[in-house]
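Reader: I am new to reading protein models. Could you take me through one, feature by feature?

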Amino acid sequence: MSTEIGSQALGGPTGEPVVSVRGLQMTYGPRDVLTGVDFDVHAGEVVCLLGPNGAGKTTTIEILEGFRLRSGGEVRVLGEDPAQAGDAWRARVGVVLQSWRDHARWTPRRLLEQLGGYFVAYSTPERTRPYEVDWLLDTVGLVEHADRKIGQLSGGQRRRLDVAVGIIGRPELLFLDEPTAGFDPQARRDFHDLVHRLSDLEGTSILLTTHDLAEAERLADRMLILADGHIVANGSAEALTRQVAGNAEVRWTRKGERFVHATEDATPFVRRLFEQHGEEIEDLEVRRASLEDTYIAMVATFESGARRTPTLAEVSR
Ligand SMILES: Nc1ncnc2c1ncn2[C@@H]1O[C@H](COP(=O)(O)OP(=O)(O)OP(=O)(O)O)[C@@H](O)[C@H]1O
């Protein structure tokens, strides 16, 4: 998903992460929600933050957006501390809020034109700001509704508008907290295309949260799983799944008896099995853990306080 297009315009010297989080802590009253969160997001990456309800995903995102003050730890976003960064920094960061339904009598076009005007002052030769309103309306699928009152839009249409508002300033880094909640399947697919387009063509770095693991798998270059106050897994869907279940499980029936064998290399094993037993082999299954299996096993393991990697047998139960 990462391309070189646009990456020159991104914050800091080459190689410096656009988001860097070290030992992030957040305490609400007596409750420690984040106890030491560490991760980076690199220029042009799409990173998905996963975790159970209440794990602290929104808290983390809001700290990175500069909307919430952390209790401890180091945070750099586009080279600055979001707790102290100014307007010029904010103009480079895209945030999708859900407040635009308050402007019920405005039209999407008027709202985007109005907000876009703010970003003109932050335009640079490498990154002209804002996006052109007609292009943006088309990109988020709101052309037909551009001149209707916002109060008359459906929930999904308003959510598209929220996304348009979040990116009107052509951000280098975009935060999306459960962006597709309430989307119908078509809107969801359109949104995925938009994320790919922003990432591939604009070099936009994106950090998003979702509870939809298929969405995470489709969008993310890398996933972070937040549980028990810290990041318990960090890698591509494939890498995470391998970490949980390096072995595949081969199951088959022969002469009415059921067999199971765990192997690192399923293909040669199956080949040998057929060489040995030919047509006696029935009901052959090769099973690897899915991302959902992996996620559930990892979260359950860390939440139970047992910090070890679960096995495939545990994962497939
Ligand atoms: N302002 C606040 N004051 C006190 N507790 C809070 C506050 N905001 C969040 N919390 C608590 O912190 C924990 C983490 O909340 P947060 O919204 O960050 O989780 P989340 O991972 O985004 O959850 P979800 O998946 O349900 O959206 C929760 O237990 C929540 O009740």
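Reader: Which residues of β3 lie on one side, which on the other, and are they buried or exposed?

Author: First, the ground rules. This is a predicted model, where local features need pLDDT of at least 70, side-chain atom pairs count only at pLDDT 80 or more, and totals for chains, interfaces and linings use all residues. Residues are numbered from 1 along each chain as its sequence is written. Now the general idea. In a regular strand, side chains alternate between the two faces of the sheet. Here, V46, C48 and L50 of β3 are on one side, and V47 and L49 are on the other. All of them are buried, so both faces are covered. Buried means 20 or more other C-beta atoms within 10 Å of a residue's own; exposed means 12 or fewer; partly exposed is in between; C-beta atoms are placed from the backbone. Strands (E, at least two residues) and helices (H or I, at least four) are DSSP runs, numbered from the N terminus.

Reader: Why is β3 called largely enclosed?

Author: Because 5 of the 5 residues of β3 (residues 46–50) are buried.

Reader: Which strands pair with β3, and in which sense?

Author: Strands pair if DSSP finds at least two bridges between them. β3 is joined to β7 (residues 205–209) by 4 bridges, and the two run parallel. β3 also pairs with β8 over 4 bridges, in the parallel sense. Look at L49. It stands opposite T209 in β7 and opposite L224 in β8.

Reader: What is L224 in contact with, leaving aside its neighbours within four places in sequence?

Author: Contact means C-beta atoms, placed from the backbone, within 7 Å. L224 is in contact with F39, V47, L49, L50, I231 and N234, with neighbours within four places in sequence left aside.

Reader: How many residues does the largest nonpolar core have?

Author: In soluble globular proteins, nonpolar side chains tend to be buried together. A nonpolar core is a set of buried Ala, Val, Leu, Ile, Met, Phe, Trp, Tyr and Cys residues joined through C-beta atoms within 7 Å. The largest one here has 69 residues. Those with the most contacts inside it are C48, A164, L207, M223, L224 and I225. This core draws at least three residues from each of domain 1 (7–237) and domain 2 (245–316). Those bounds come from an automatic or database domain assignment.

Reader: How many residues of domain 1 and domain 2 are in contact?

Author: 10 residues of domain 1 are in contact with 7 residues of domain 2. On the domain 1 side, α7 (213–219), β8 (222–227) and β9 (230–235) give two or more residues. That side divides into 8 nonpolar, no polar and 2 charged residues. Ala, Val, Leu, Ile, Met, Phe, Trp, Tyr, Cys and Pro count as nonpolar, Asp, Glu, Lys and Arg as charged, and the others, Gly among them, as polar.

Reader: Which helix gives the most to the shell around the ligand?

Author: A residue is near a molecule if its C-beta atom, placed from the backbone, lies within 6 Å of it. Helix α1 (residues 57–65) gives the most, with 3 residues. The whole shell is Y28, V33, G51, N53, G54, A55, G56, K57, T58 and T59. By class, it has 3 nonpolar, 6 polar and 1 charged residues.

Reader: Is T124 buried or exposed?

Author: T124 counts as exposed, because it has 9 C-beta neighbours inside 10 Å. T124 is found in the loop between α3 (108–119) and α4 (133–139).

How values were computed
Two residues are in contact if their C-beta atoms, placed from the backbone, lie within 7 Å.
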